[in-house]
Amino acid sequence: MNYNKVTPNIISQLESIAGKENVYLDEEHLKQYSHDETEDLKFYPEVIVKPRTSKEISELLILANRENIPVTPRGAGTGLSGGALPVFGGIIIAMERFNSILSIDERNLQATVEPGVINQVFQEAVIAKGLFYPPDPASKGSCFLGGNLAENAGGPKAVKYGVTKDYVLNLEVVLPTGEIIMTGANVLKNATGYNLTQLIVGSEGTLGIITKIVFRLLPYPSQTLLMLVPFASAAKACEAVSAVFVAGITPSAMEFMERDAIDWVLKFVEVNIEIKDTIQAHLLIEVDGNDADVLMKDCEKISEVMYRFGCDEILLAETAAQKENLWKMRRRVAEAVRSHAVYKEEDTVVPRAELAKLLTGIKEIGKKYGFRSVCYGHAGDGNLHVNIIKEQLSDEEWNTKLPLGIREIFELCVSLGGTISGEHGIGWVQKGYMDIPFSEKEISLQKGIKSLFDPNHILNPGKIFV
Ligand code: 2HG
Ligand code: ZN
């Protein structure tokens with residue numbers, strides 16, 4: 001794609017749309033908005049605009065089509081697949097001024113919010129009314145709800161409560177060509193026409209810019225219990241996961257951490273825990289509800305399953321402090337890996353009963369190409385985050401062997417009935433592997449949808465597809 005450059009004339013048009021004070025050209029801003037949380041990527045925008053209304057976004061997109069300028073929508077920049085990076089320069093539309101919770105409807109258990117609201121701020125606002133918005137990505141303290149929709153974000157609670165898409169009823173969206181639409185209705189059941197709401201969720205900012213979100217909510221579960229389950233065998237830990245569900249229990253979280261992941265996070269944050277040398281992996285299992293006796297019975301049943309798979313002594317966390325201590329260990333592991341090594345993160349996902357085969361296969365592929373991996377993730381969803389570590393590999397090996405190893409890992413996922421991203425999305429970094437899960441026809445269908453929504457390909461170009 002050949003795009004035009006942003007000229008002084010275009011800058012003044014941007015300023016007349018959004019206000020001069022909301023248009024940024026300074027080096028500090030251009031640098032700040034040139035990266036997200038994806039390892040080792042930087043692309044500079046030419047200008048950043050911070051609009052406040054859907055109408056302003058509409059006018060910005062109309063201008064971009066007229067002048068053939070690429071536009072990249074951006075939330076909090078916590079993405080992990082380069083989805084918010086302006087890979088062709090152009091204009092970043094930053095959504096942080098869309099930061100209002102417009103309404104919480106306690107009668108219908110619904111809420112209408114703007115996309116620039118931080119996930120945890122929204123969670124806490126609804127908890128204050130006894131309500132619950134479950135999707136809880138690791139970055140919940142800083143990520144925006146709009147970005148959560150763009151990537152259909154998950155997190156530990158997805159195993160029981162589902163992912164972001166499962167809570168979206170209706171959206172206001174500004175199309176790449178500037179029209180403002182509503183995609184659905186504020187209802188729990190909707191069999192009216194194609195599901196434009198679910199098409200937009202997970203489209204990574206390539207089919208439109210979300211400006212209003214209508215969520216469904218649940219009653220807040222008042223109690224939880226949390227267990228840390230150690231295993232001498234990582235494969236056994238993975239095998240135990242599906243047995244819990246077969247035993248009739250759906251935990252509210254079921255996380256897996258390899259020994260390396262824990263060792264690194266314990267060096268990174270203060271966690272009060274003793275781990276025997278023989279332990280090679282842990283499961284972190286949470287149950288939630290409103291009846292303490294039922295929760296304790298669930299924990300007993302889960303423990304029986306775990307011991308059947310040869311776990312070591314289980315730690316039960318009952319106090320808030322004990323739970324916080326264990327969750328801190330899991331929630332900070334990504335930062336610990338990021339701070340410790342040059343790495344490449346993959347977001348593999350398979351049917352949960354195939355987890356042990358996936359983990360074993362990943363280690364064999366690592367041996368074949370000479371790289372080490374540190375694995376952790378949402379075992380209950382069959383979603384394993386694989387951090388491939390550069391360590392002693394030369395730059396040349398890293399740049400030649402790594403793509404081959406990643407391709408084999410993704411081929412293994414698909415062979416096990418899985419796919420190549422569970423929650424982090426495709427964005428810029430995984431688009432070269434889309435031929436593994438999809439046929440040419442399946443990709444051409446998706447590209448056809450993109451061209452229908454964005455005929456001039458000005459919105460978030462270069463993402464998802466090569
Ligand atoms: C997690 O489950 C996140 O910890 C990974 O999905 C976050 O890699 C990250 O930064
Ligand atoms: Zn995750």
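Guide: What follows starts with the spaces and then turns to the rings. Please keep in mind that this is a predicted model, and that every value below is computed from it.

Let us begin with the open space. The second largest pocket has a volume of about 810 Å³, and among the 34 residues that line this pocket, those closest to its centre are Asn152, Val201, Gly202, Glu204 and Ser421. By kind, the lining of the second largest pocket divides into 14 nonpolar, 14 polar and 6 charged residues. Two helices, α7 (196-200) and α15 (440-453), each supply at least two residues of that lining, and α15 gives the most, with 3 residues. Seen by domain, the lining of the second largest pocket draws at least three residues from domain 2 (101-219) and at least three from domain 4 (341-433).

Rolling a probe the size of a water molecule over the atoms shows where empty space is left. A search of the whole structure finds 1 cavity of 30 Å³ or more, and about 50 Å³ of space lies in the largest cavity. Its lining is made up of Leu80, Ser81, Glu345, Asp347, His424, Gly425, Val429 and Gln430, which divide into 2 nonpolar, 4 polar and 2 charged residues.

Now to the rings. A pair of aromatic rings is described by the distance of the centres and the angle of the planes. Across the whole structure, the search finds 10 aromatic pairs. One of these is formed by Phe43 and Trp428, an edge-to-face pair with 5.2 Å from centre to centre and 75 degrees between the planes. This pair links distant parts of the chain, since Phe43 lies in the loop between α2 (27-32) and β2 (47-49), whereas Trp428 lies in the loop between α14 (395-415) and α15, 385 residues apart. Trp428 itself counts as partly exposed, because its relative accessibility is 27%.

A further pair joins Phe132 and Tyr220, whose ring centres are 5.4 Å apart and whose planes stand at 85 degrees, so this pair is edge-to-face. Because Phe132 lies in strand β7 (residues 131-132) and Tyr220 in the loop between β11 (218-219) and β12 (223-231), the pair ties together parts that are 88 residues apart in sequence. How exposed or buried are the two partners, Phe132 and Tyr220? Phe132 counts as buried, at 6% relative accessibility, while Tyr220 counts as partly exposed, at 35% relative accessibility. Elsewhere, ring pairs link Phe122, Tyr133, Tyr167 and Phe215 into a cluster.

Rings also meet charged side chains. The charged end of Lys50 sits over the ring of Tyr24, 4.6 Å from the centre of that ring, and Arg352 lies over the face of Phe245, at 3.4 Å from the ring centre.

The C-alpha atom of Asp136 is separated by 7.6 Å from that of Asn119, a residue 17 residues apart from Asp136 along the chain.

Key:
Residues numbered from 1 in each chain as written. Chains lettered and ligands numbered in written order. Predicted model: local features only at pLDDT ≥ 70, side-chain atom pairs only at ≥ 80, totals over all residues. Heavy atoms only, no water. 1 Å grid on protein atoms, 1.4 Å probe; cavity = no way out; pocket = protein on both sides within 12 Å on 5 of 7 lines; lining within 4 Å. Points joined across faces, edges and corners; volume = space filled by probe spheres on them. Nonpolar A, V, L, I, M, F, W, Y, C, P; charged D, E, K, R; others polar. Helix = DSSP H or I, 4+ residues; strand = E, 2+ residues; numbered from the N terminus. Domains from an automatic or database assignment. Phe/Tyr/Trp six-rings, centres within 6.5 Å; stacked < 30°, edge-to-face > 60°. Buried < 20%, exposed > 50% of the residue type's maximum accessible area, 1.4 Å probe, protein only. Lys NZ or Arg CZ within 6 Å of the ring centre and 35° of its normal.
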